[in-house]
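Subject: Structure handover

Hello,

I am passing on the structure we spoke about, with notes on what turned up in it. Please read them with the structure open.

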There are 4 protein chains.
Amino acid sequence: MSKAFKIGNIQIGGGQFALIAGPCTVESESQILEVARSVKQSGASLLRGGAFKGRTSPYDFQGLGEEGIKLLLKAKEATGMPVVSEIVSENHLSLFEDIDVIQVGARNMQNFELLKVLGKTDKVILLKRGMTNTLREFLMSAEYIISEGNNNVILCERGIRTFETYTRYTLDLSAVAALKEMTDLPVVVDPSHAAGKASLVPSMALAAAASGADGVMIEVHNDPVNALCDGAQALTPQVFDETAQKIMKIREAIS
Amino acid sequence: MSKAFKIGNIQIGGGQFALIAGPCTVESESQILEVARSVKQSGASLLRGGAFKGRTSPYDFQGLGEEGIKLLLKAKEATGMPVVSEIVSENHLSLFEDIDVIQVGARNMQNFELLKVLGKTDKVILLKRGMTNTLREFLMSAEYIISEGNNNVILCERGIRTFETYTRYTLDLSAVAALKEMTDLPVVVDPSHAAGKASLVPSMALAAAASGADGVMIEVHNDPVNALCDGAQALTPQVFDETAQKIMKIREAIS
Amino acid sequence: MSKAFKIGNIQIGGGQFALIAGPCTVESESQILEVARSVKQSGASLLRGGAFKGRTSPYDFQGLGEEGIKLLLKAKEATGMPVVSEIVSENHLSLFEDIDVIQVGARNMQNFELLKVLGKTDKVILLKRGMTNTLREFLMSAEYIISEGNNNVILCERGIRTFETYTRYTLDLSAVAALKEMTDLPVVVDPSHAAGKASLVPSMALAAAASGADGVMIEVHNDPVNALCDGAQALTPQVFDETAQKIMKIREAIS
Amino acid sequence: MSKAFKIGNIQIGGGQFALIAGPCTVESESQILEVARSVKQSGASLLRGGAFKGRTSPYDFQGLGEEGIKLLLKAKEATGMPVVSEIVSENHLSLFEDIDVIQVGARNMQNFELLKVLGKTDKVILLKRGMTNTLREFLMSAEYIISEGNNNVILCERGIRTFETYTRYTLDLSAVAALKEMTDLPVVVDPSHAAGKASLVPSMALAAAASGADGVMIEVHNDPVNALCDGAQALTPQVFDETAQKIMKIREAIS
């Protein structure tokens, strides 16, 4: 069993299964509130929402920034759910004071200066595996945080880069069992970024739950077609609800 | 739901879940009989056992050949289980007359001459995905069999090659949902070759079952430490039994 | 310096640089004769031409087969150039009696039964690296031929599969120096299949020559736009001629 | 021909070939001075030397930091060579005032916040390709710098991650011709990090020169065995000198 962290009134790891859900990006107050209420009702324990986005092209939508953080915190207040959001620069740290879990994206997994700064905080850090990084390198990056004094690290498998183009990345679900042989940090899985296609996400989320992961992080949008970012991979609230129910049944079946 | 094939008294696809199990290689009459009886008792529906092995090095054990086929057929007779075995040359076809399912290994997925010959038979063919092949190429190889008149093809995901070295290959479980969008052929998963480590196989087998695969193929050996081939990835009969029970519970949970 | 093989009146390896050129596929007598005469004039020492083609899809042009071999041999007679052609089935061996160098394609690098049969001949075998195979596996496949008694093996790097999609494969030119640390077999490079785009081939061919390879194999077509196979990667005779002249200058510069 | 930048008294791009050389890391005044004088004598036009190192493990030597920058500037003063050094945090920018070329390492290729800050300077930026990034993503990262107003970007191919383990990364030399079809920014090649083995570097450096690259960046150490970082891939001054002479001959041969 992995180690456990308390985050507000919920626990990550230690045998609890974390259902993290929310939109890729916070777009507006009504959007984040609507999604938050919906995923909470389906059983989600944490709300995710991006404010600062690292995008491949400088001409793509980069997130609402500070405004996005404020809207996410409104949703936290309205629903009581702890929130997860990604940081992209050490200089933004002060904005994340009330964010419960700080995410480090795959492209920053080896941004060692950022990791060292986060290691000096007492925040829970959700560290995503780089798309080309071995499990050993993944743990070494966690070590950059831990060696500065912060042990609150959650590892997140989100797909690695291979030659296959039908999916955006190849989700490496064997990483769950492998990481559990190497560390006692909790391991969660993000099937949404790996798939890049909403139609594949439920199958992959169920597989992740069966694999023994400590949680899944799933993108949900109330209007995927008009999402400003990654709409193609977002589940509708209804499909998320069906998926969440199946995940819970699987967890019972193997417990 | 995928299409269904009758194999002896069992069905593959069409909503049935196939539990295929057995040793990497047939080593002796007592070995194959003991494993066969054991996996049958745990609920396996097909018995696998290699007679002709394609090994990276010419100096590795290459299987018992024709003698291996005979021993596998003895186990079929003794247990009533249909059997699966790999073919490595079109010139061996006559030896496979009583074998129920002919396997084409990953290294031969694009041995098109072999595929064409198998397309002229009415055997069920279990086609493994090449370790570097895209899903589209996988389906094109199936098409080499189908276009010759044989529609009885089962697709088997068994891991693709990536930079990660903790596992032997990276099992691509998103291939299950992806292939089901592209074809109605049954899709099974081989976690054993992908992992290369027995300790990871149960987690990956449960994940495969949850993903919606039509079956799993798992290596089981009565004495893994002394196995002549791939012992490191073989489950003991007891671990296989526990895994099989959990697989069945997962299948119930999501049905 | 690598070991050397005599092929007709030319030598491969042992310090000689082999310029192998010709069309992907033999299409007609006039086509193969025209290309053969042209590449000979530009300094090519061996003529390549496919008769049996392993294609991803069963619905793609599969080559002229036996007729293609006959036309290639006519070009050999007319020009005096030794010829290279690919074999795809052990059962075709008798057709290759007058072919000087038998090529094993990347997809058959681990078709061990084919390799063993070729190991029982005294033909020079040009073995292509599988698109997903390590250098160690490449040498093990060569060993399948050598261990049967045939030492006449030329290794051919032709690109490995990676995530990059601008090129068809990623040419691994470091394989040249690496293989020369591991073996004394001659190493040639095929930039055409790796690139998949004619515009990139001259740069990659010059790089191969500078890397210390024992030769390059380049696709040349008299009418690339209307080629039946892989026209996009074929050089025109004129571009091949310019490339050949530069290759020779590079060889002089580093000798 | 690529665009050209003036750097001190030398030119990068525009038909000039840049020979960039120096140690992985600045270790001491005597070390950097000795290497600088040696590579200058062999024809190097720029001196490289790391002060801030991004290392996989937090327990590996991380460079001399600000002290390393000072020692590198001493070598610049002593030899008149412009210098290249890597930046790992936007907060270090003021230390790089007298550094001629600021390098962004492969792990930071998608550290977009860092790129934006560098885009607001007028420094020449040497941007390394991420080990898992496509050429299109590479250009998009360059665009993060350019779109902020700084057009002085040099692209550096340094190897991508593949399944091959004999080399540390797989140098993608086809990227040179490919990038030249996509952009007019200068393209240089770093064979040292790609190979990870000094024995392979000369072959790969010659290949890069022949491919049409605008330069190579090679690690040279006066005492590789005792280097604090990456000694296994560093050339001795003598081997560098021989390699440099061959590179110049190749450049003449193809000009």
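This is a predicted model: local features need pLDDT of at least 70, side-chain atom pairs count only at pLDDT 80 or more; totals for chains, interfaces and linings use all residues.

Contact of chains A and B

Chain A and chain B each bring 36 residues to their contact. On the side of chain A that touches chain B, the elements giving two or more residues are α5 (174-182), α6 (191-195), α7 (201-211) and α8 (237-254) of chain A. The most comes from α7(A), which gives seven residues. By type, this side of chain A has 20 nonpolar residues, 11 polar and five charged.

Nonpolar core

There are 384 residues in the largest nonpolar core. Val216(A), Val216(C) and Val216(D) are the ones with the most contacts inside it. What does Val216(A) touch, leaving aside its neighbours within four places in sequence? Its contacts are Leu19(A), Ile20(A), Val188(A), Val189(A), Pro191(A), Ala205(A), Ala208(A), Ala209(A) and Ile247(A). As a general point, nonpolar side chains in soluble globular proteins tend to be buried together.

Two helices of chain D

In chain D, the axes of α3 (residues 112-119) and α4 (residues 135-146) come within 6 Å and cross at roughly 45 degrees. Because of that angle, α3(D) counts as oblique to α4(D). From α3(D), the residues that meet α4(D) are Phe112(D), Leu115(D), Lys116(D), Leu118(D) and Gly119(D). Their partners in α4(D) are Ser141(D), Tyr144(D), Ile145(D) and Ile146(D). This contact is made up of six nonpolar residues, two polar and one charged.

Regards

Conventions
Residues are numbered from 1 along each chain as its sequence is written. Chains are lettered from A and ligands numbered from 1 in the order in which they are written. Two residues are in contact if their C-beta atoms, placed from the backbone, lie within 7 Å. Helices (H or I, at least four residues) and strands (E, at least two) are DSSP runs, numbered from the N terminus. Ala, Val, Leu, Ile, Met, Phe, Trp, Tyr, Cys and Pro count as nonpolar, Asp, Glu, Lys and Arg as charged, and the others, Gly among them, as polar. A nonpolar core is a set of buried Ala, Val, Leu, Ile, Met, Phe, Trp, Tyr and Cys residues joined through C-beta atoms within 7 Å. A residue is buried if 20 or more other C-beta atoms lie within 10 Å of its own, exposed if 12 or fewer, and partly exposed in between; C-beta atoms are placed from the backbone. Axes are lines fitted to C-alpha atoms, for helices over the stretch in contact, and angles run from 0 to 180 degrees between N-to-C directions. Angles under 35 degrees count as roughly parallel, over 145 as roughly antiparallel, 65 to 115 as roughly perpendicular and the rest as oblique.
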